[in-house]
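Please walk through this structure with the sequence at hand.

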Amino acid sequence: MLSNSMAEPRTRHQEKIIKNYYQNRDSIGLQKAQEAVTELYLSEGKKRATVWKRLASHLEKVGLTADQIANLQEKDSPELVLEALKKYV
């Protein structure tokens, strides 16, 4: 792995892409969370656990607290997740 002093500097274009990503991180998280909820409806067993793991990460980026996420995960209801996401749309 290269240290920052050895890495080539980023171009203006790369800097703009990075800046836009962080400015839109919550919107990206919301979209990914909605996609994961769709997968949650269709999954069972180990696959469902994997979807929940990814969904929890996206919910955190949207702005839900760890307690809210744990509560949703415990209830394991895609409908409740969608209801929680409504306030962020």
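A residue is called exposed when its relative accessible area is over 50%, buried when that value is under 20%, and partly exposed in between. The model shown here is predicted. By that cut-off R10, at 54% relative accessibility, counts as exposed. Its partner in a salt bridge is E15, with 3.7 Å from N to O. E15 has 38% relative accessibility and therefore counts as partly exposed.

The structure holds five salt bridges. Side chains of opposite charge can pair when their charged atoms come close. One of the bridges joins D76 and R48 at 3.0 Å, N to O. This pair links distant parts of the chain, since D76 sits in the loop between α4 and α5 while R48 belongs to helix α3, 28 residues apart. R48 is buried, with a relative accessible area of 16%, whereas D76, at 31%, counts as partly exposed. The backbone of D76 also deserves a look: its phi is near 50°, a positive value in a residue other than glycine.

Another bridge connects K86 with E83 at 3.4 Å, N to O. K86 is exposed, with a relative accessible area of 55%, and E83 is partly exposed at 48%.

Now turn to helix α5, residues 78–85, where P78, V81, A84 and L85 are buried. Viewed down the axis of α5, these buried residues fall within an arc of 120°, so they line one face of the helix. What does that face pack against? The buried residues of α5 pack against α2 (25–42), α3 (45–62) and α4 (66–75). V81 gives a detailed case: leaving aside neighbours within four places in sequence, V81 is in contact with V37, W52, L55, L59 and L72.

V81 also belongs to the largest nonpolar core, which has 17 residues; W52, L55, L59, L64, L72, V81 and L85 touch the most other members. The elements that give two or more residues to this core are α2, α3, α4 and α5. Helix α3 supplies the largest share, six residues.

Nonpolar side chains also occur on the surface. I18, Y21, Y22 and I28 form a nonpolar patch there, with about 350 Å² of accessible area together. Helix α1, residues 12–23, contributes the largest share of the patch, three residues. I28 lies in helix α2 and, at 31% relative accessibility, counts as partly exposed.

Notes
Residues are numbered from 1 along each chain as its sequence is written. This is a predicted model: local features need pLDDT of at least 70, side-chain atom pairs count only at pLDDT 80 or more; totals for chains, interfaces and linings use all residues. Side-chain values use heavy atoms; hydrogens and water are left out. Buried means under 20% relative accessible area, exposed over 50%, partly exposed in between (1.4 Å probe, protein chains only). Helices (H or I, at least four residues) and strands (E, at least two) are DSSP runs, numbered from the N terminus. The arc is that of the directions from the helix axis to the C-beta atoms. Contact means heavy atoms within 4.5 Å. Patches are made of residues with over 30% relative accessible area and no salt bridge: like charges are joined within 9 Å, nonpolar side chains (Val, Leu, Ile, Met, Phe, Trp, Tyr) within 5 Å. Accessible areas come from the Shrake-Rupley method with a 1.4 Å probe; for residues, only the protein chains shown count as cover. A salt bridge is a side-chain nitrogen of Lys or Arg within 4 Å of a carboxyl oxygen of Asp or Glu. A nonpolar core is a set of buried Ala, Val, Leu, Ile, Met, Phe, Trp, Tyr and Cys residues joined through side-chain atoms within 4.5 Å.
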